[in-house]
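Here is a short briefing on a protein–DNA model. Look over the sequence and structure first.

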2 protein chains.
Amino acid sequence: MKSRRDELVDTALRLFYKQGFNATGIDKILSESGVAKMTLYKHFGSKDELILAALTRRDEQFLDWLTNAMETASPDPRAQLLSLFDALEKWFRGQAFKDLGFAGCAFINASGEFTDPDHPAHRLAKQHKQEIVDHLAKLCTKAGATDPETLAEQLALLKEGAIVTAHVRGITESARVAKTIATGLLDAALPA
Amino acid sequence: MKSRRDELVDTALRLFYKQGFNATGIDKILSESGVAKMTLYKHFGSKDELILAALTRRDEQFLDWLTNAMETASPDPRAQLLSLFDALEKWFRGQAFKDLGFAGCAFINASGEFTDPDHPAHRLAKQHKQEIVDHLAKLCTKAGATDPETLAEQLALLKEGAIVTAHVRGITESARVAKTIATGLLDAALPA
DNA sequence: TGACAAATAGACAGATCGGTCTGTATATAT
DNA sequence: ATATATACAGACCGATCTGTCTATTTGTCA
């Protein structure tokens, strides 16, 4: 059973994601979650803290989903790296997080609203992106890359490009465009 | 001499870009631009219209800057395509729009705040991105690509990835990561 | 049953929001 | 010099924002 705190964080994440952080008022989160205002301020000191909690929840949720999708796809690390882009396409099509749909990357969106790199939400976004790069680098090492860090940065950049293209322009096929480029990179960087 | 309307739009663009659209109030734009409230509402029917005017201004400004930077770089279309990423790096370092600095792409940020694809600001963002792809496709044709549209989409995706990486993670070198990948794509897609 | 903790509803405060309105000052052109 | 357009300053409106407070209800455990 979900605690009142979880109820708040999940509702906040959903509304922040679909309507933006500044555009979403506390009252809407309360009415949609059915939680009283005092309960919110018992768990969180301010709206900013709730924003951070929602993004933290998203961080865990997204990494769990992504790593699971990639591990499930294949035992081969090279195939796992490529399956990143198959997972992205499912996400873009709204098949990954059914209660949220697809409205771009919550962390890119957060960085757009809180452009100051020292803002806690922006810092969390940076950390989230770094975690993904680190995970990719591990797989690149396992796949036998001579420069796994560089390869991981390249793949991560393709991922970000695909996300933005899918969201801003509505082109879900961007995942396949990125996958094609990634295939060429892996062919060149990994031993046959 | 700048008209009052231009004064408004320039100030609005600067504040929207650095602080976000919803977080920037009308009163701040008025006080920083030194324009009276009634003058604003004589030129624009609402804040939403001012947002659109600011983004339209940014669209012109950015495309002018980018096309000029690429044309200036070289007469060779292949070199022009690669110079896209040199221009990006200058932008990331804050050397392109000195009154604005770098706070990500205004259109990616707008799409993050206005996630509904039918929102006028989101539509404008989509249009802006399409204009750039079209411009790249023309250059790809000039460079002799057999499939200029696909190549242009690939380069555009690299551009978006570099922008997001630079903004969210603060890694200005992302422009060079993208350029390396782009070089490989051009080597494979263009006649020697 | 009675005590205690947790969550409820909802009024309230103070600030800020977008937008309207009145009245005054400035500048240009005839 | 007078007419006209434009922009000014700033009061004002209703709505909404975050956050605080009181008083009531609910649920649990002894």
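How many Å separate a base oxygen of DNA strand D from an N or O atom in the side chain of K37(A)? The distance is 2.6 Å. This is a predicted model: local features need pLDDT of at least 70, side-chain atom pairs count only at pLDDT 80 or more, and totals for chains, interfaces and linings use all residues. Residues are numbered from 1 along each chain as its sequence is written, and side-chain values use heavy atoms, without hydrogens and water.

- Helix 3 of chain A gives the largest share, three residues.

**Phosphate contacts**
- An N or O atom in the side chain of R4(B) is 2.2 Å from a phosphate oxygen of DNA strand D.
- For T39(B), a polar side-chain atom lies 3.0 Å from a phosphate oxygen of DNA strand D.

**Cavities**
- The whole structure has six cavities of 30 Å³ or more (on a 1 Å grid over the protein atoms alone, sets of points where a 1.4 Å probe fits but cannot get out).
- The largest cavity holds about 70 Å³ of space, a volume being the space filled by probe spheres set on the points.
- Its lining includes V164(A), R169(A), K129(B) and E160(B); lining residues have an atom within 4 Å of a point.

Conventions: Chains are lettered from A and ligands numbered from 1 in the order in which they are written. A polar contact is a pair of N or O atoms within 3.5 Å; within protein, one must be able to donate a hydrogen and the other to accept it, and residues adjacent in sequence count only if both atoms are side-chain atoms. Helices (H or I, at least four residues) and strands (E, at least two) are DSSP runs, numbered from the N terminus. On a 1 Å grid over the protein atoms alone, a cavity is a set of points where a 1.4 Å probe fits but cannot get out, and a pocket is an open set with protein on both sides within 12 Å along at least five of seven lines; lining residues have an atom within 4 Å of a point.
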